[in-house]
Amino acid sequence: MKDLFDKIYRDKGPLGKWADQAEGYFVFPKLEGEIGNRMKFQGKEVISWSVNDYLGLANHPEVRKADAEACAKYGSAYPMGARMMSGHTDLHEQLQNELAAFVNKEAAYLLNFGYQGILSTIDALVGKDDVIVYDVDAHACIIDGVRLHLGKRFTYKHNDIESIELNLQRAEKIVEQTGGGILLISEGVFGMRGEQGKLKEIAALKEKYNFRFLVDDAHGFGTLGATGAGAGEEQGVQDQIDVYFATFAKSMASTGAFIAGDKEVMDYLKYNMRSQMFAKSLQMTLVEGALKRLDMMRKMPELKEKLWSNVNDLQNGLRERGFDLGTTSSCVTPVYLKGSIPEAMALVKDLRENHGIFCSIVVYPVIPKGLILLRLIPTASHTKEDIELTLEAFSAIRSKLESGIYKKIAERIMGKASVEAN
Ligand SMILES: Cc1ncc(COP(=O)(O)O)c(C=O)c1O
């Protein structure tokens, strides 16, 4: 019999195998200082493009004050216990009501963390006779939620309406036999590529097929739509979304999340989402902090305007310089370059050390082999100077990549064979 840990010693996994070269720098880097446009990395100031603080709320003085006052008032324990047992308060209810109004839904329910929350939402919405149809590029939390499902599930090609229809037809055949229903899941904004889910086209399919629509709008909430209600509002189909999900981890610059929809559905979920029923309630500091942030999102449209002015300047500037931003239709700004993983490492090192630019890097197996994705998240706290410096830096690193300089650096460090293999 094998030792359970044999596989751990043998194989660290697709990302873990890079730990020796990457940890502390490319993965698990320590960004220090106050969250904002300029932060510190390994003691040096960098322009930070990798935090999802879209509206620049993380260090807004009013937010910091509200968080500090709430913590002084309640500590970080209150309320103790799960919502159902001893962790329920008026302020939790107030926040739910305000969130529901903000996203134009009848009711909302708070979740401790988005990841566990959506996982249990999916788990609670479907039974073994039901079928889930979901985007092949869905976020890990959706995939894990689907993994809990005991019935059939089908993935459709990313954002592809023809493939969605095909899979809805497959699903229909099954539920005709089982007597179940269909849950279709999309993201409002796909966080890697930045493109919006085709919510309008998907909603239109409700004329032909009978399904319920769950949307994970982590990146759309606060950034899209006239009032910031998200991708559904932006595309004019918020009322067609049956269960709307968003996290506080991005525009709200906090921790926690919520779902919203019809009151009867929210009431059902509140009594059936296992990760919420059997876990501690969201702390009051986070609840009061979220109320403050939501208030600012309602009363300070200039935050979203500043965000979009920066998004447009950055994305237009990159496009004018001939960079490939793929299909983004949101604030998420992916820049696609061609190169190996070792080249990507040398390039990012140059960006950080010599240009003071910190952005996230995504490589195979998250994206196809041979592609490098540099992912920039513009926020309301970035300045025109930050954008200008970044555009110049990107032009400089592309020239070096194309002239093979990073390849030579990588070969010197890792050896020719290793560069060629990756
Ligand atoms: C699309 C998407 N869904 C869900 C989550 C999980 O939310 P949380 O960080 O609140 O657990 C994230 C990450 O924050 C996300 O990007």
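Domain bounds here come from an automatic or database domain assignment. The model I am reading is predicted.

I then listed the contact: 16 residues come from domain 1 and 17 residues from domain 2. On the side of domain 1 that touches domain 2, α13 (301–320) and β11 (333–338) each supply at least two residues. I sorted that side by class and got six nonpolar, seven polar and three charged residues.

Entry, core. I went to the largest nonpolar core, which has 113 residues. The members that touch the most others are L99, V133, L183, Y244, F245, F258 and I259. Helix α14 (residues 341–355) gives the largest share of this core, seven residues. Why does the core lie between the domains? I noted that domain 1 and domain 2 both give residues to the core, so it lies between them.

Leaving out residues up to four places away in sequence, V133 touches F154, Y156, I164, N167, L168, A171, I182 and L184.

Entry, helix pair. I checked α14 against helix α15 (residues 384–402): their axes come within 11 Å and cross at roughly 145°. The crossing of α14 past α15 is right-handed. From α14 I listed E343, L347, D350, L351 and H355, and from α15 A393, A396, I397, K400 and L401, as making the contact. By class I recorded six nonpolar, one polar and three charged residues for this contact.

Definitions and conventions:
Residues numbered from 1 in each chain as written. Predicted model: local features only at pLDDT ≥ 70, side-chain atom pairs only at ≥ 80, totals over all residues. Core = buried A, V, L, I, M, F, W, Y, C linked by C-beta atoms within 7 Å. Buried ≥ 20, exposed ≤ 12 C-beta atoms within 10 Å, placed from the backbone. Helix = DSSP H or I, 4+ residues; strand = E, 2+ residues; numbered from the N terminus. Contact = placed C-beta atoms within 7 Å. Axes fitted to C-alpha atoms, helices over the stretch in contact; angles between N-to-C directions. Left-handed = near helix turned anticlockwise from the far one by under 90°. Nonpolar A, V, L, I, M, F, W, Y, C, P; charged D, E, K, R; others polar.
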